[in-house]
Amino acid sequence: MMIVVVGGTGLIGSKLVTRLGEHGHEAVAAAPGTGVDTLTGEGLAEVLAGAQVVVDVSNSPSFEREAVLKFFETSTGNLLAAEAAAGVGHHVAVSIVGTERMPDNGYFAAKIAQERLIEKSGVPFSLVHSTQFFEFARGIADEATVDGKVHIAPVLFQPIAGDDVAQAVGRIAVGSPLNGRTEIAGPERFRMDEFFRRALVAWGDPREVVTDPHARYFGSELSDRSLVPEDGATLGAIRYHDWLGGAATGEQADGR
């Protein structure tokens with residue numbers, strides 16, 4: 001099966017291209033660095049020729065509200081039009097668990113807009129809603145730092161390893177389109193403040209974690225279940241403690 005991975009040189013995309021190739025599929029990484037630009041349309045027709053599936057794991061270079069909305073609307077619109085012209089039979093997109101619960105969040109609102117375009121496109125599709133990646137934990141802590149202290153709400157948190165994301169997305173990509181969504185998450189559920197309290201100790205990071213019910217997550221206040229999936233989500237196998245051990249020996253990304 002020929003599968004084009006948009007964003008195929010990034011964190012999840014590169015893992016997915018490798019995994020699909022190991023299973024005998026022709027996985028093609030599409031990104032500006034490989035001559036494919038979804039914002040301008042450059043290279044799209046060429047890379048999609050003969051493709052049966054497209055997996056979109058691309059991300060906006062800017063998280064500013066208007067910029068990220070423009071990115072996902074323009075990129076996804078161009079991609080879906082090119083897929084329709086090429087006769088692609090399955091569009092898979094990775095989104096975020098809880099997008100509809102925080103419409104005030106600019107990034108989440110942009111992902112909702114992206115999903116609506118996909119749902120209305122006429123191209124058979126699957127939406128994979130994932131919880132936060134282990135690899136992004138340090139960035140979350142940095143974003144939550146105020147005056148040297150990490151302010152985190154005591155809400156539910158269920159992050160997932162990038163390798164588990166790639167495995168789940170790969171399985172969906174080679175299957176029949178869902179024409180709906182599915183959720184994926186890590187195998188362990190924590191209170192978010194306790195997760196980061198333990199994580200900072202494991203990182204050797206001296207910052208104090210402050211439990212703050214009103215702490216904002218990239219600009220949004222969280223409810224208890226904002227970031228966790230509903231019942232029935234597919235769970236990964238890699239636990240954070242074990243993933244950290246792999247990171248320490250260079251087997252995983254460092255999470256920055």
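**Helices and sheet: a quick chat**

Visitor: How do the axes of helix 3 and helix 4 cross?
Guide: In this predicted model, the axes of helix 3 (residues 65-86) and helix 4 (residues 106-120) come within 8 Å and cross at roughly 15°. Axes are lines fitted to C-alpha atoms, for helices over the stretch in contact, with angles from 0 to 180 degrees between N-to-C directions. Helices (H or I, at least four residues) and strands (E, at least two) are DSSP runs, numbered from the N terminus.

Visitor: Parallel or antiparallel?
Guide: Helix 3 and helix 4 are therefore roughly parallel to each other; angles under 35 degrees count as that.

Visitor: Which residues of helix 3 and helix 4 make the contact?
Guide: Among them are Val68, Leu69 and Phe72 of helix 3 and Ala110, Ala113 and Leu117 of helix 4. Contact means heavy atoms within 4.5 Å.

Visitor: Switching topic, what is the strand order in the sheet?
Guide: The open sheet has 7 strands in the order 2-1-3-4-5-9-14, with parallel pairing. Strands pair if DSSP finds at least two bridges between them.

Visitor: Which strands are at the edges?
Guide: Strand 2 (26-30) and strand 14 (234-235), each pairing on one side only. Helix 3 packs on the sheet too, touching strand 1 (2-6), strand 3 (53-56) and strand 4 (90-96).

Visitor: What does strand 14 pair with?
Guide: Strand 9 (residues 181-185), over 2 bridges; Ile184 has Thr234 as its bridge partner.

How values were computed. Residues numbered from 1 in each chain as written. Predicted model: local features only at pLDDT ≥ 70, side-chain atom pairs only at ≥ 80, totals over all residues. Heavy atoms only, no water. Parallel < 35°, antiparallel > 145°, perpendicular 65-115°, else oblique.
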